[in-house]
Amino acid sequence: MAGFDVVFGVLALATIAAAFTSRLGEEPAHALGALGFGIAFIFIVVGRSELFTENFLVPVTGLVQGHITKVKLAELWLISPVCNIAGGTALILVAGVHGVLPPGTSDTLVKIAEGFDANSAWTAFCSAIIGGALITAMTWLVEGVGSIGGRIVCAWIAGVLLTLGSFNHVIVVTLEMIFGLRLGADIGGLDVAQNFVVAAAGNMLGGLVFVTLTRTGQAIGSSDDEGPTEA
């Protein structure tokens, strides 16, 4: 279901950007589209669907505390990205039918896909580190907020920042490239697969090392500070 949610966000991004590009130019239109993409992460958080990069912080913490096994964690990390891509691709096949999307949306999706494909492997990897850190940080914030309104705001902000910076997120960018491929972008399936591998590696580095490790250490330190002290 998270794949479905991401595609709805991509559709919002491309539709809004296409509507304003001729009036404002590509960069302002992209910024407005980013505001629309944020709905994808609202859907994911409120609907409690399983996005691959959301499964870094909480499951790893559970592993450290002995609540889950390494096999179960590996199973989760294998199943969630495959199902995310499969679910999103199913919706892309329907949305990509001629005449379904508003005028100009297809051209915008093609440009987005070709833009990510133009990045070098090193650029894509570094961008993925930031993307993974951002979404894992979103998970930390969402878990720490008590109200549903606060969770929605945190999710929306993360989605907007991810899109404003065009950061490489393994599920989001892979689905954007598949969308572009469906609509005739000058990329191939091998390009999509290559970015998937690079993005997954970068997202895991950013999410696990930059956020999960540091935030878990923060939580452990806070817990120790709150313990009883001897006079």
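A salt bridge joins the side chains of K111 and E26, with an N to O distance of 3.3 Å; the term denotes a side-chain nitrogen of Lys or Arg within 4 Å of a carboxyl oxygen of Asp or Glu. The partners sit in distant parts of the chain, 85 residues apart, with K111 in helix α6 (residues 105-117) and E26 in helix α2 (residues 26-37). Helices here are DSSP runs of H or I with at least four residues, numbered from the N terminus. A search of the whole structure returns 1 salt bridge. E26 is exposed, at 52% relative accessible area (exposed, over 50%; buried, under 20%; partly exposed, in between; 1.4 Å probe, protein chains only).

The model is predicted, so local features need pLDDT of at least 70 and side-chain atom pairs pLDDT 80 or more, whereas totals for chains, interfaces and linings use all residues. Residues are numbered from 1 along each chain as its sequence is written, and side-chain values use heavy atoms, without hydrogens or water.

Beyond neighbours within four places in sequence, F179 is in contact (heavy atoms within 4.5 Å) with residues including V7, L11, I92 and L109.

D191, in helix α10, is partly exposed at 27% relative accessibility. Residues up to four places away aside, D191 touches D117 and M177.

Terms used:
Helix = DSSP H or I, 4+ residues; strand = E, 2+ residues; numbered from the N terminus.
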